[in-house]
Every structure is written in structure tokens, then in C-alpha cells.
Amino acid sequence: MGTPEDNPVQEEDTEETDEEEAEEEGYKFGFSGINMENPYFITLENAIRESVTSSGNTLITEDPEGDAQKQASQITEMIEAGIDAIFLSPVNWEEITPSLQELQEADVRIINVDTQVKEMDYVDAYVGSDNEAAGRMCGEALIEKCPDGGKVLILECPTQNSINERITGFEEAISKAEVGFEIVARENTDGKFEKSVEVAQNILKEHTDVTAIMCGNDQIAVGAQTAVNLLGMDDVIIYGVDGSPDIKKELEKSDTQIAGTAAQSPINMGKKAVEVGLAILNGEEYEKENYVEIIDMITKDNVEMYGADGWQ
């Protein structure tokens, strides 16, 4: 009989088996964001992936590209791939319900991240920001910047509850202004840059005296700014939510229409989501609702504190 040194193939087979067993010992997570063209969800997924893999587990990521039906079919595929838990940001907070039922029936634990599903009873835990607070920050900043009031355009996305809450917070804030703000129009952008440009242009051509545009997130805000530039409306001011590098770069300029963004931290949110997900799977104690603090209202006055090269 040969020695181990005489049998290198046998050694290699043993090593491969050990690696496979080690992989099987870890958990398999899924990630389904809204749209992986959005830098926010790219950063969120990167933070989740780093935390998942560094703890000896694996992550399957799918990009629904803002399509609720595609998200549903991808979730089915991840269930079939044997995921133990999923980090989920729904494209449509109502239409996701059948997928939540399917996940529950497959005994897959659900960590709802960033924007809530409508039927929260299905999820094991939620990790996100206080979105109403983010919207209030934008409203309060507008009141301070425009003490004489003015006309406002709201660009929203009713299928995403995080944006709904931001708009609610914004409206509550401006309703308390001593001098009134009039909301002249509100339009659904589906959360997409291209549609944001289109709908903003259409409304601004009709309402040429708009003072400010409140946007549900920074991607929408970039679309609104593009529309404003195309129409040559330099005096319109724009607010967003996220604190994205693109918006911070705009705030460093002297001639931008971007007035501010309520800054979230997708990095901290991703880390917290994995911490909660592992606690759930390990049978440890965890909080069902987890809110990651809104960092700040970033404006021209403080953007240097945060830098424009990355997320806070």
C-alpha cells in the first residue's frame, strides 16, 4: 500500500470534500434589492455580502431590475437553491405578498431591508431608516431656505413604502410653516431616473413658477436635476434622500440646484441586517424592528464633513 505521499489525488479529493462540508455547514442567504442599477442598492448588497462571507456563509444575489414579477420568479429560484434566509427590499410593497407566503411555506426566514412590505406579519425582522424623519429633515430645510413659501413639485413612487413615508414626513413639516407652501403636482416616477426626467419636464413646463422639488430618493433627484437643466430653470431647488456620492458631488458645486439630501447609511444598514439575520438563524434574541439612524441633512454647508467619494 502506498503512503499519502504516493497518493496526491487522494489528498486533493479529501481537501475538496472538507471544503464542501465547510460550505454546507454555513448558512445560505439570498439578497433581492429593488434595482441593482441604483448605487444605493449596490452599496447595500456589498455591505451585506462582506458581512455574510466574512462570517463563513454564502450569499446569492438577484437583480429584479425594478420589475415586481421578475422579483417574484427570482425569489422562487432562490428558494429552490436552498436559501435559509433572504434580505428583501420589495419592488412593490403590496405585490410581494405571494412571495412572502411562498418563503414562509419554505421555512425561509425573511429580513425585510430598507423599505417595508405591506404585510409585515410575514417577516421575521425589519432593518431600515426612520424614513418619516428623513422627509421631515427635507421639509424643515426647505422652510429655512425659503421662508416666504412657494410652490412645490413632489416626485414619488407609491409602490415603495420607504418613499411614501419620506413624502409624508416632508408634507407634515411644510404644513407647519408660517408662510404656506403649495403642492402644485405630485407624480409617480416608479423610482427610476429616466421616468423622473420625463415626468419632471412635463410638470415643469406647465408650472414654470415651481420653487422646489421634493424627491423620494437621490436617484429621482438626479432625474429632477436633469429635467431642470434641460429647461434652463436654474432657480428651482431640489431635495432628495440617501446621501449618495453623486448628490454630494453636486453639493460641492457652486451652481447646482441640489439643495440637500437626508443621508442614510446603506453600509451600516447592511451590517445590521446580517447581524439580525444570523441571530434569527442561530436561535438568538433579536429585535423585530431595527432602525439605523439617519446620519444628517447634508447641504453645501456641511458636505465637506462627509466627502463625496463614497457613502457615509
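First, a definition I need for myself: a crossing is right-handed if the near helix is turned clockwise from the far one by less than a right angle, and left-handed if anticlockwise. I also remind myself that this is a predicted model.

**Entry on the helix pair.** I looked up α5 and α6, and α5 passes α6 in a right-handed crossing. The axes of α5 (residues 131-145) and α6 (residues 161-174) cross at roughly 40 degrees and come within 6 Å. I then listed who makes the contact: on α5 I found N131, E132, G135, R136, C138, G139, E140, L142 and I143. On α6 the list reads S162, E165, R166, T168, G169, F170, E172, A173 and I174. Sorted by class, the contact of α5 with α6 has 6 nonpolar, 6 polar and 6 charged residues.

**Entry on the sheet.** Next I asked myself: in what order do the 6 strands of the open sheet come? I read off β2-β1-β3-β4-β5-β11, with parallel pairing. The edge strands, each pairing on one side only, are β2 (58-62) and β11 (289-292). From one strand to the next, I noted a twist that averages 20 degrees.

**Entry on one strand pair.** I picked β1 (residues 28-32) and β3 (residues 85-88), which run parallel and are joined by 4 bridges. Here G30 stands opposite I86 in β3.

**Entry on the helix against the sheet.** Last, I checked α2 (residues 39-54), which packs on the sheet and touches β1, β2, β3 and β4 (109-113). The direction of α2 makes about 160 degrees with that of β2.

Technical notes
Residues numbered from 1 in each chain as written. Predicted model: local features only at pLDDT ≥ 70, side-chain atom pairs only at ≥ 80, totals over all residues. Heavy atoms only, no water. Axes fitted to C-alpha atoms, helices over the stretch in contact; angles between N-to-C directions. Helix = DSSP H or I, 4+ residues; strand = E, 2+ residues; numbered from the N terminus. Contact = heavy atoms within 4.5 Å. Nonpolar A, V, L, I, M, F, W, Y, C, P; charged D, E, K, R; others polar. Pairing = 2+ DSSP bridges.
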